[in-house]
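User: I would like to go through the labels in a structural description one by one. For each label, please set the value against its cut-off.

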Amino acid sequence: MAQNRVPIRRALISVSDKTNLDMLANGLSRLGVEILSTGGTAKMLEQSGILVTEISQYTEFPEMMDGRIKTLHPRVHGALLGRNGVDDEVMAQHGIEGIDLLVVNLYPFEATIKQQGVTLEQAIENIDIGGPAMIRAASKNHDRVTVLVNPEDYEEMLDELSTYGGISHANRHILAAKAFAHTARYDGLIANYLSAINDTEEQEDFPRYFTKQFNHRSELRYGENPHQKAAFYTEQNPASGTMGHAWQIQGKALSYNNIADADAALSCVKEFNDLPACVIVKHANPCGVATESNLTLAYLKAFATDPTSAFGGVLAFNQKLTAQVAETILEKQFAEVIVAPAYEDEALKVFATKKNLRVICCGDLPEHTKPWKMYKRVSGGLLVQDADIEMIDVAQAEVVSKRTPTTQELTDMAFAWKVAKWVKSNAIVYVKDAQTIGVGAGQMSRVVSARIASIKADDAGLKVPGSAMASDAFFPFRDGIDAAAQAGITAVIQPGGSIRDEEVIQAADEHDMAMIFTGMRHFNH
Ligand SMILES: NC(=O)c1ncn([C@@H]2O[C@H](COP(=O)(O)O)[C@@H](O)[C@H]2O)c1NC=O
């Protein structure tokens, strides 16, 4: 197929972010490309000794209104929009010389609105008008014009230009789509910002119009089930320690369920930043969680909670993974996915013996997570909420039982509470000595979750007596407490807030249990 390469004779460069600018302009000059440029960009290029024509010289119209008008001129837009073989005559008639390459990036609106105490006026002055207008014009006319909106793309374009003398149609098309995505994201940010601010400049939590852009990261073999097609999209700059940031080191391609489960495992393991921790997830639920003095022991304890469910599980760790952990995992079980912030080279050599095992590196886990939003598609709409990043200090929680918890019980309750947050509701988690003893997940009644936690502990040969129990939401009846007491639970952590709290506290007192109320619920659906 013909490449339909278009040579570049004239370029317009107008950039706020001047990264790689010298390299680009030097490259273009060497290839004999004439450069037009706006005020600040032209000044910088002149200082570097590059020959440029100021845009105001070309338009014969001054830049004005503090930069609100620079390139908004028919000689610029005609030069970008004029079609080869269609508009040649009219261009000549009006002294319009075609621009073949447009290099633009926009006023830093996103960075401006992220600043503390920014005013509406400052935000508005950082809305770029001329830049998006040119990007849209050039992208529409990518049949002739090449458009660059990202300094990371300069080098590849220069390579193609110097090697082949022009840019292929395929690449102009890719760059045009990228440029429209760039302006779409930019306008989305502006619309979100303006529609979340009222006339007294108070920021509302949720904009009237909501636009968010995600970028295609990979095709997935299929979705939750083989008859569902699926792909993975990520944010612009995903934070370290997230699935959006993570990269795969080895193994079979990641599936939709792998990514969802690895995310669940990562979320849970991040709760334990003080000690080496391991979380094993199966079908989005932790089936074993433990902390210990090193990752190998943490893994062994997590595995011991429910070895049956751990088969084919997704394992997350909160520290650099050693060869010893890798060997122990391979001895003990078949795993689908391992995710950790980093790996020792020796650990990777061990995993390399299992070619299919998916090994993912997520980068450092940040200590404090900034607030962010969660989205869930429902038919005909989108649910948006704050991510559940809150975690109470259990030591400050209210003791509601007659008996106060022992130090050991408090520690176990704190651990169980962190795990319960990441178990699907209704969640019941039994914990002793920094190890999950039984997990009851995703049941329609709380008492059944409690029974399941006991059954799981029994199946694994773990002793419940003396364990603490966490419940993600209040107990609506005393039956859950009675069932737990029967199993040997001595301490209970739960949000409280039921109309039958008194009856529930009385049940705890009758069984001589310690009970604390967190005042915070952690439903996870
Ligand atoms: N108003 C205009 O005609 C106009 N044309 C280009 N710009 C922007 O001006 C910036 C570059 O300005 P300078 O070269 O003066 O540093 C770029 O981000 C570009 O998108 C404009 N500024 C804002 O709209």
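Predicted model: local features only at pLDDT ≥ 70, side-chain atom pairs only at ≥ 80, totals over all residues.

User: Why is Cys278 called buried?
Analyst: Buried means 20 or more other C-beta atoms within 10 Å of the residue's own; exposed means 12 or fewer; partly exposed is in between; C-beta atoms are placed from the backbone. Cys278 has 30 such atoms within 10 Å, so Cys278 is buried. Its place is in strand S9 (residues 277-282). Helices (H or I, at least four residues) and strands (E, at least two) are DSSP runs, numbered from the N terminus.

User: What is Cys278 in contact with, leaving aside its neighbours within four places in sequence?
Analyst: Two residues are in contact if their C-beta atoms, placed from the backbone, lie within 7 Å. On that basis Cys278 meets Ala290, Leu295, Ala298, Tyr299, Ala302, Leu315 and Phe317. Phe317 is 39 residues from Cys278 in sequence, yet their C-alpha atoms are 4.8 Å apart.

User: What makes helix H12 mostly covered?
Analyst: H12 spans residues 295-305, and eight of its 11 residues are buried. The buried ones are Leu295, Thr296, Ala298, Tyr299, Lys301, Ala302, Phe303 and Thr305. They pack against S9, strand S10 (285-291), helix H13 (307-310), strand S11 (313-317), helix H14 (323-332) and S18.

User: Is Leu51 buried or exposed, and why?
Analyst: Leu51 has 10 C-beta neighbours inside 10 Å, so Leu51 counts as exposed. It lies in the loop between H2 and strand S3 (53-54). Glu34 is 17 residues away along the chain, with a C-alpha separation of 8.2 Å from Leu51.

User: Why are Asp433 and Ala434 called partly exposed?
Analyst: Asp433 has 15 C-beta neighbours inside 10 Å, so Asp433 falls in the partly exposed class. Ala434 has 19 other C-beta atoms within 10 Å, so Ala434 is partly exposed. Asp433 is in the loop between S17 and strand S18 (435-440). Ala434 is found in the loop between S17 and S18.

User: Which residues does a cis peptide bond join?
Analyst: The bond joins Ser425 and Asn426, with omega about -10°. Asn426 lies in the loop between H16 and strand S17 (428-432).

User: Why are H17 and H18 called roughly parallel?
Analyst: Axes are lines fitted to C-alpha atoms, for helices over the stretch in contact, and angles run from 0 to 180 degrees between N-to-C directions. Under 35 degrees counts as roughly parallel, over 145 as roughly antiparallel, 65 to 115 as roughly perpendicular and the rest as oblique. The axes of H17 (residues 446-459) and H18 (residues 479-487) come within 8 Å and cross at roughly 10°. That makes H17 roughly parallel to H18. Arg446, Val447, Ala450, Arg451 and Ser454 in H17 meet Asp479, Gly480, Ala483, Ala484 and Ala487 in H18.

User: How do you know that H4 is roughly parallel to H8?
Analyst: The axes of H4 (residues 74-81) and H8 come within 8 Å and cross at roughly 30°. So H4 is roughly parallel to H8. Val76, His77, Leu80 and Leu81 in H4 meet Met134, Ala137, Ala138 and Lys140 in H8.

User: What makes a set of residues a nonpolar core, and which residues have the most contacts inside the largest one?
Analyst: A nonpolar core is a set of buried Ala, Val, Leu, Ile, Met, Phe, Trp, Tyr and Cys residues joined through C-beta atoms within 7 Å. The largest has 92 residues; Ala265, Ala416 and Val429 have the most contacts inside it. Helix H16 (residues 407-420) supplies the largest share of this core, eight residues. A second, separate core of 46 residues includes Ile99, Leu106, Ile135 and Leu148.

Note on methods. Residues numbered from 1 in each chain as written.
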